[in-house]
Amino acid sequence: MDTLTHALSGALLARATAPKDAPPRSLPRRVAAGFFACAAPDLDFVVAFVGPVEYLENHRGVTHSLVLLPLWALVVSWVLAKILREPRGWRALYGVTALGLALHIACDVITSYGTMILAPFSDWRSQIGTTFIIDLWFSGIIAVGLAVSAVLYRSRWPAVAASAVLVGYVGFQYLQKEKAVEFGERTARSLGLGDSSVNVQPRPVSPFNWTVFVSDAGAHRFAHVNLNRTEPRSYRPGDGFIAMLDSVYEPLSAAHWETRTRYGEGATKALAQEAWNSPAMAVYRWFADIPAFDGMSADPTCVWFIDLRFHTPGRSVQPFRYGACRNQPGTPWRLVPP
């Protein structure tokens, strides 16, 4: 989830959980602590300065770990106590800081990227996949809750109510995910793909927008659908960016299925399989849930792959596109970013 939404959600939770008997003038420091603590795990963006491969391997790692949360809460609360000049010291902010860090992890788990909640002891990536990484409805609920809380600053109930609505919204998204999975399973049965797997990914603009994948050992078949729409939504130039993003999601009855292969076809397939299974691609194999062949290039020879989880219509650049390259046949492959 985007860092600003994380920070705002931390402020909302801090206000919702503020004790009634808190010392005078302590509430602004508590809300500020929630804001900064809930954004803090994304400081791991600095790994990107080391390199894109290192970022792929370590983002949402130790800073997003439930195992290390007590330690990070201690460090962050100590720093925030100094910055916010908390007269009672870091202990007064430890609880809200821990809540903010935990909320950040939870908000990342509901997306599809994957979060290593057991790092550094395990690189298993937890992901529920109900919520797109930038969800305007999700962020809007938080913004409204904070705005009403600012007006009714003596009461925590606006923040409590907004938090409850937010939980309900994610639950509603989970129900939509189940409907998308059911549609994928029906499609797999109708195509006679008994050995296939179904994967669904949330998409922007609406909780009804999903991409449904039906995958087997050779290819991924996928469709961009809207679970609630009965008629296609037309788009005309000038309708705006949001309308353009939303228009590609079709009613289930009019779903248009596309196919992307895992390794290409014909003469390129054997080389792509060799590249994919090489030790150099180990990190990307671990990361990519829906890997697909994305072409080849020469001088040096490179075989490119994408993760279709992040194939969102309307994006000009495909993120997380990596290749296996080598200078000549017989030399080792190496993992490279685009």
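Which residue is the bridge partner of P291 in β7? The close-ups below, all taken from a predicted model, begin with that pair.

**View 1. P291 and its partner in the sheet.** The bridge partner of P291 in β7 is D307. Across the pairing of β6 with β7 there are five bridges, in the antiparallel sense.

**View 2. An open sheet of four strands.** Follow the order β6-β7-β8-β9 and you will find antiparallel pairing. β6 (291-297) and β9 (334-336) are the edge strands, each pairing on one side only. From one strand to the next, the twist averages 30°. Helix α9 packs on this sheet, where it touches β6, β7 and β8, and its direction makes about 75° with that of β7.

**View 3. The largest nonpolar core, with 21 residues.** Those with the most contacts inside this core are W276, M281, Y284, V303, F305 and L335. Two or more residues come from each of α3 (52-58), α9 (268-276), α10 (282-287), β7 (301-307) and β8 (322-326). Take a moment with L335: leaving aside neighbours within four places in sequence, L335 is in contact with V53, A280, M281, V283, Y284, Y322 and G323. Another core, of 18 residues, lies apart from this one and includes A14, L93, V96 and I117.

**View 4. Helices α6 and α7 side by side.** The axes of α6 (residues 136-151) and α7 (residues 157-190) come within 8 Å and cross at roughly 170°, so the two helices are roughly antiparallel to each other. On the α6 side, the contact is made by W137, F138, I141, I142, G145, V148 and S149. Facing them from α7 are P158, A159, A162, V165, L166, Y169 and V170. By type, the residues of this contact divide into 12 nonpolar, two polar and no charged.

Methods:
Residues are numbered from 1 along each chain as its sequence is written. This is a predicted model: local features need pLDDT of at least 70, side-chain atom pairs count only at pLDDT 80 or more; totals for chains, interfaces and linings use all residues. Side-chain values use heavy atoms; hydrogens and water are left out. A nonpolar core is a set of buried Ala, Val, Leu, Ile, Met, Phe, Trp, Tyr and Cys residues joined through side-chain atoms within 4.5 Å. Buried means under 20% relative accessible area, exposed over 50%, partly exposed in between (1.4 Å probe, protein chains only). Contact means heavy atoms within 4.5 Å. Axes are lines fitted to C-alpha atoms, for helices over the stretch in contact, and angles run from 0 to 180 degrees between N-to-C directions. Angles under 35 degrees count as roughly parallel, over 145 as roughly antiparallel, 65 to 115 as roughly perpendicular and the rest as oblique. Ala, Val, Leu, Ile, Met, Phe, Trp, Tyr, Cys and Pro count as nonpolar, Asp, Glu, Lys and Arg as charged, and the others, Gly among them, as polar. Two strands pair if DSSP finds at least two bridges between them.
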